[in-house]
Amino acid sequence: MTTDSRPLAISAPEPRSLELIFTRDALSLLHAKYRLVEADPDNIAGLGDAVLGEARYIIGQPPLSKETLDRMPQLRCILNVESNLINNMPYEVLFERGIHVVTTGQVFAEPVAEIGLGFALSLARGIVDADLAFREGRELWGGDGNAKARLVAGSDIGIIGFGDLGKALNRVLSGFRANIKVFDPWMPASILREHGVQPAGLDEVLSGSDFVFVVASVTSENKGFLGADAFAKMRKGAAFILLSRADVVDFDGLMAAVASGHIVAASDVYPEEPLGKDHPVRKLKGFLRSAHRAGALDSAFKKMGDMVLEDMDLMDRGLPPMRCKRAERETVSRMRSKPVTRN
């Protein structure tokens, strides 16, 4: 039996790493305060009863069975640092036992919101195309280069989804004096109004917006819910900006709507990642592309470690976690976002 009184934490953060999500000082503090046991995420059960019986925390989101959880009487929290809630553990057992499941995904909200604004400005003003034309010596000067340009300021903007990312996007857009309408069936209208946006139905958001930002998580209820009919309802020339997960749209339908010239679009996410070299979206005119890099900033990753340490400290003192976002009993089983496959 160990005489080390520090709480035991199982480390299984893949596809992240501790070095990615903790600064050097934070990682030193983690090692100083906790006994860390590195584990293969696919074989937590193989750690043995001595480790499982003492484990207070799991840093990561490994697959867990009810039988493995039964061997972990001291477990207080699973700190999901991948940030997608994955259907790989019996959440009903965790809730029944009062074991917290928390995620660090809100660290990505601000950087993703910022790049979303960048997409909107680029699509509105043709920034990328104008730069390419300049490089190739075919630029158009002054007003000749602004035939299709428009302002984000004062425009009609629709946001689909109003979780952490939707709220961050609203803050980023606050200086543009835009008329912002939001569709989120999981969010009470009063909360939307408190954030200064107008609650609206999906059709109203689609048909009444110059820019439509999609920041909704993928759930069992909305996979592929934005298809050809949705794109047809959009204003001609409107911009569709996809920031959350590709599975909320019919991606072929989106490409067809852009190819027809009805809308323009930008996306940071795709049905398969990395995307095939011959995928038609690579050469699609009117489509602005980014390789799932919107939130992947080192500063964001390092915030994860700070949040994990703060919440572990709170729980060590008998308090609930407050910095990470807690999974909710009513919604966790509905989440369908694909986990990342790389940092």
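How many salt bridges does a search of the whole structure find? The search finds 16. The legends below follow a predicted model.

**Figure 1. Overall view of the predicted model, with its helices and strands.** The protein has 13 helices and 13 strands. Its radius of gyration is 23 Å, close to the 20 Å that the globule rule gives for 343 residues, so the protein is as compact as a globular protein of that length. The C-alpha trace spans about 80 × 45 × 35 Å along its principal axes.

**Figure 2. Division of the protein into domain 1 and domain 2.** Domain 1 is built from two stretches, 8-104 and 298-334. Domain 2 covers 109-289. Taken over C-alpha atoms, the domain centres lie 34 Å apart.

**Figure 3. The interface of domain 1 and domain 2.** On the domain 1 side, 6 residues make contact; on the domain 2 side, 9 residues do. The size of an interface is often given as the accessible area lost when the parts come together. Here the buried area is about 510 Å². Carbon and sulfur atoms give 42% of that area. The count of residue pairs in polar contact between the two domains is 1, with both residues at pLDDT 80 or more. By class, the side of domain 1 that touches domain 2 has 3 charged, 2 polar and 1 nonpolar residues.

**Figure 4. Close-up of the salt bridge between Asp-164 and Lys-325.** Side chains of opposite charge can pair when their charged atoms come close. The side chains of Asp-164 and Lys-325 meet at 3.6 Å, N to O. That distance falls under the rule's cut-off of 4 Å, so the pair counts as a salt bridge. Across the interface of domain 1 and domain 2, the rule finds 1 salt bridge. Among the features of the whole structure are 16 salt bridges. The Asp-164 and Lys-325 pair links distant parts of the chain, 161 residues apart. Asp-164 sits in helix H8 (residues 164-172). Lys-325 sits in strand S13 (residues 325-326).

**Figure 5. Close-up of His-279 and its contacts.** His-279 lies in the loop between strand S11 (264-267) and strand S12 (287-289). Which residues does His-279 contact, leaving aside its neighbours within four places in sequence? They are Phe-251 and Met-255. Ala-259 gives a further reference point: it is 20 residues from His-279 along the chain. The C-alpha atoms of His-279 and Ala-259 are separated by 14 Å.

Terms used. Residues are numbered from 1 along each chain as its sequence is written. This is a predicted model: local features need pLDDT of at least 70, side-chain atom pairs count only at pLDDT 80 or more; totals for chains, interfaces and linings use all residues. Side-chain values use heavy atoms; hydrogens and water are left out. Domain bounds come from an automatic or database domain assignment. Contact means heavy atoms within 4.5 Å. Buried area is the accessible area (1.4 Å probe) that two parts lose on being put together, summed over both. A polar contact is a pair of N or O atoms within 3.5 Å; within protein, one must be able to donate a hydrogen and the other to accept it, and residues adjacent in sequence count only if both atoms are side-chain atoms. Ala, Val, Leu, Ile, Met, Phe, Trp, Tyr, Cys and Pro count as nonpolar, Asp, Glu, Lys and Arg as charged, and the others, Gly among them, as polar. Helices (H or I, at least four residues) and strands (E, at least two) are DSSP runs, numbered from the N terminus. The radius of gyration is taken over C-alpha atoms; the globule rule is 2.2 Å times the number of residues to the power 0.38.
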